[in-house]
Amino acid sequence: MIDVYYWPTPNGHKVTIFLEETGLEYKIVPVNIRKGEQFAPEFLKISPNNRMPAVIDHEGPGGKPLSIFESGAILLYLAEKTGKLMPTETAARYKVVEWLMFQMAGIGPMMGQAGHFRMAAPEKIPYAIERYTNESHRLFNVMEKRLAEAPFLGGDYSIADIACFPWVRAIRREEGELEKRPHLKRWVEAIDSRPAVKRGLAVMADLPQQPLTEQERSILYGQQQFARR
């Protein structure tokens, strides 16, 4: 059994999609990031960066429990544990690792900032919106070029695709952007149609979407977020 410390965000979806794809047993442990549950001392022992997701594999190496934080590290661990969604041949393996790192270093941070300045920032800053939107579009173009060469980012469907998809699917909110990139469009639709992906995205998807309160804004983006712990 794997405990998944989770909230329904793109990074959380990476883990639930992988688990659904591979059929591993898991239990969801909600971490309500709007209420500040990510700062609880017991959670910080598992995820010292106060970010979800994190996991505890109760049947880790040697049969002992193992906790892991950071979604990319979790995907690498689970791929190694199961022998699925990650090639074993060195060159093919590192092609997947390249595109996983592309997500961790580029897609996630840049799209996260674009979304923040468009929707969550208390004031609209045109420079910031343009900066991060343009960088997100540049990264989409990098994916488009790659996906013209291969059906999936690593060649075959892998953890690289699972990492990128929960973020990249938001491109649909930008009118016309997906249609400009036919190979990316094909990729998005192919992954979106997978039953395990649908199940992974459905975990806690019924939470009501309410505007942030000032307290929640402080927890996520203000003084409470930046307090030293």
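Me: In β4, which residue is the bridge partner of Ile-56?
Reply: The model discussed here is predicted. Strand β3 covers residues 54-57 and runs antiparallel to β4, to which four bridges join it. Within β4, the bridge partner of Ile-56 is Ser-67.

Me: Which strands are the edge strands of the sheet?
Reply: The open sheet has four strands in the order β2-β1-β3-β4, with mixed pairing. An edge strand here pairs on one side only, and the two are β2 (26-30) and β4 (66-69).

Me: What is the average twist from one strand to the next?
Reply: The strands concerned are those of the open sheet β2-β1-β3-β4. From one strand to the next, the twist averages 20°.

Me: Which strands does helix α3 touch where it packs on the sheet?
Reply: Helix α1 (residues 10-22) packs on the sheet against β1 (2-6), β2 and β3, and its direction makes about 150° with that of β1. Helix α3 (residues 71-82) also packs on the sheet, and its direction makes about 135° with that of β4. The strands touched by α3 are β1, β3 and β4.

Me: How many nonpolar residues does the contact of α3 with α4 have?
Reply: The contact includes Leu-75 and Leu-76 of α3 and Val-97, Leu-100 and Met-104 of α4. Two polar and two charged residues also belong to the contact, and the number of nonpolar residues is five.

How values were computed. Residues numbered from 1 in each chain as written. Predicted model: local features only at pLDDT ≥ 70, side-chain atom pairs only at ≥ 80, totals over all residues. Heavy atoms only, no water. Pairing = 2+ DSSP bridges. Axes fitted to C-alpha atoms, helices over the stretch in contact; angles between N-to-C directions. Contact = heavy atoms within 4.5 Å. Nonpolar A, V, L, I, M, F, W, Y, C, P; charged D, E, K, R; others polar.
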